[in-house]
Amino acid sequence: MSSPVSYSREGRIAIITVDNPPVNALALPVRAGLASAFAQLASDADAAGAVLICAGRTFIAGADITEFDKPIEEPWLPKVLAQIENSNKVVVAAIHGTALGGGLETAMSCHYRVAATTAQVGLPEVSLGLLPGATGTQRLPRLIGVQAALDAMISGRPLSAKVAHQKGLVDELVEGDLKAGAVAFAERFIASGQTPRKVRDIAVDTSSLPADFFATYRKNIARETRGFYAPEQIIQCVEAAVSLPFDEAVAVENRLFMGCMTSSHSRAQRHLFFAEREVAKIPDVPKDTALRPIKQVAVVGGGTMGGGIAMNFANVGIPVLLKEISQEALDRGMSIIRANYEGPVKKGKLSQEAMDKCMSLITPTLDYKDLASADLVIEAVFETMAIKKVVFGELDAVCKPGAILASNTSTLNVDEIAACTKRPEDVIGLHFFAPANVMSLLEIVRGGKTSHEVIATSMAMAKTIRKMGVLVRVCFGFVGNRMFFPYVREAQRMILEGVPAERIDRVAFEWGMAMGPNGVSDLSGLDVLDKVNKEWKEKPADPAYCRMIEVLVGMGRYGQKTGAGIYKYEGRNAVPDAEVAALAKAEATRLNVPQIEVSDEEIIERLLYSMINEGALILDEGIATRASDIDVVFCHGYGMPRYRGGPMKYGDEVGLATVVAAMEKYRKRYGDLYWTPAPLLAKLAAAGQKFTP
Ligand code: 3H9
């Protein structure tokens, strides 16, 4: 098999080219190829220097992530990079596309770096639960300083070539032919008679670091990195860079990298990396399915949801019509949108000019006829089937042939909505998550008759508006809400059993959820949850089911919006309410629900395993395409931490047999209704298998 790394010469400059599509990842053959190419450079008497360049769309985009689940195979990257750096002939990296992770580490082991002006460089390992483990934590602080290096590695955000040049990470920007620019750089260097500079020999500049620099840094990032393992490991590597000689600090980096690589966090985050790419692949919809152009969008309903949806399109330059039934509602809708834009403008995150441009793209209207030119119409009215049917009847009458008619329903039957039009093949569910202009998830609900074109266009549209589109099929609550219901159900049941609501939330928060189930219920609105329960035809025949929601709604306690729900609110601060605990006790007595001791472990098991079991049913029924799609839904739409990888991945990590054993324990206590393992879960557990192999 030919090597993905080739060696040639232009005059006295060796050209070492990596060609390993799609992103030139540093898989074993690339590492071996680099080792042998640099050995050839050393022995090539006619070569005075070298350019390391890549074929295809990008410079090396990092280590091959698929290899981290397998035993390490030599030559391991740090060894290859030491070989490159130790070359006594000058080596120049020529960067285009994205030099990421091990790719940038490779470039930093070269003596100099030139880059195309469009290139980007970065160390995004943290997003995979890793640290830059091929000397990146040691070289970056030497090149751009401790603070800037930490910022780059903790955020994982890439730098543009221009910024990298300003910071000294890139030595020269090349406007035209990159290879020619790199060769010219190498020639000039050789002509200067200097000795190649090794990054390892540059001293880390600590002159401007205050004594408490690392302690302050830790404090400053504590909130955004809560629960994640890798950020602290990265800081420790940089502390080593500051205090130890290069080789000793590299040994620290190597040890901490191994700790990250074998952590459940990194497994979960790597799982999501691939899940987020897999989710775009729809088995029965061919890749080359024709897409319909989306140049004009309309949103019906200018409430908080409709307004948020409209903003997504305006943000990417697509004009949107916002339809309401009265001038008053329309004015209110437009003013909410304006306020949503003004927030970031005040904070300096958005320019006034950009805001004005977005606002100018949103046109209010009261007339359905104006929607005739829209390519995509998204209905975002009240969550009641009768109202939705009226709206779709109107849309069917006015919209042009080929327009996509979408509903933002969060639970209702898309097929039933489609059936009231003469074009069910053009109807689809587009379930945005609140706040719609912020949350990255978009559940795309295909009806029984939705055409491939409409599905493919909706998936592409999600990408255009920078959402994570997940295709699901019709069932009550689709994937996200259907799995969220058992989670709320268990939280509710525990409140009846005498577990304080705040304790349930604290345990869920410490497990990693952005917010516990009771806080979320109050935020979403108990009235909304109650209404959903009432509309649910197959609601469990259990008088205790979400009973406290019913009781509280009956008292006008709808949650945050009324200042009281499961909690009392002081501003937005949730305060535990003894009245709710007393009410729960009284209800429990009435319903014969015993008061029990529940451990923290049981809280997690009941919240998570009930969800995982529902996920298995969803897979059995073909509602979701794959388990990893479900994980994407929960990490993008429900505040599940990426280091858990989603509910199904969590089940895989715990072990499905363990999940089933716990379910059997609860089945004995509560009966079959909620705790009978789904056939798929039982089958996988018995076979010692996982949802995602
Ligand atoms: C690292 O480097 C550790 C070191 O510090 C230490 C080592 C000792 N490996 O995203 P796309 C696949 S950790 C394997 O759709 P784009 C991807 O799955 C690594 N596969 O393209 C997809 O496959 P498929 C640090 C990879 O143009 C295909 O390539 N580096 C890798 O939208 C196309 O990917 C990173 O974290 C990989 N490293 O974006 C960078 N990368 O077609 C990770 C991609 O079968 N990569 N694939 O679905 C990226 O951020 C983006 O892929 C990139 C291109 C921006 C490069």
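A polar contact here is a pair of N or O atoms within 3.5 Å; within protein, one must be able to donate a hydrogen and the other to accept it, and residues adjacent in sequence count only if both atoms are side-chain atoms. The views below come from a predicted model, in which local features need pLDDT of at least 70, side-chain atom pairs count only at pLDDT 80 or more, and totals for chains, interfaces and linings use all residues. Residues are numbered from 1 along each chain as its sequence is written, and side-chain values use heavy atoms, with hydrogens and water left out.

**View 1. Arg-626 and its polar contact with Glu-278.** The Arg-626 side chain comes to 3.1 Å from the backbone oxygen of Glu-278. Beyond neighbours within four places in sequence, Arg-626 has contacts (heavy atoms within 4.5 Å) with Glu-278, Val-279, Lys-281, Pro-283 and Leu-619. Arg-626 counts as buried because its relative accessibility is 17%, where buried means under 20% relative accessible area, exposed over 50% and partly exposed in between (1.4 Å probe, protein chains only).

**View 2. The shell around the ligand.** Here are 27 residues, of which Arg-57, Gly-102, Glu-105, Glu-125 and Arg-277 come nearest; a residue is near a molecule or strand if one of its heavy atoms lies within 4 Å of it. The helix α11 (264–278) is among the elements that each supply at least two shell residues, and its three residues are the largest share.

View 3. A polar side-chain atom of Arg-277 is found 2.6 Å from a ligand oxygen. On the backbone side, a polar atom of Ala-61 is 2.9 Å from a ligand nitrogen, and an N or O atom of Gly-133 is 3.2 Å from a ligand oxygen.

**View 4. Two cis peptide bonds.** Pro-21 and Pro-22 are joined by a cis peptide bond with omega of about 5 degrees; Pro-22 belongs to the loop between β2 (13–18) and α1 (28–43). The bond from Glu-74 to Pro-75 is also cis, with omega near 0 degrees, and Pro-75 lies in the loop between β3 (49–54) and α2 (77–85).

**View 5. Positive phi at Cys-546 and Asn-592.** Cys-546 has phi near 45 degrees and is buried, at 4% relative accessibility. Asn-592, with phi near 60 degrees, is exposed because its relative accessible area is 67%.

Methods: Helix = DSSP H or I, 4+ residues; strand = E, 2+ residues; numbered from the N terminus.
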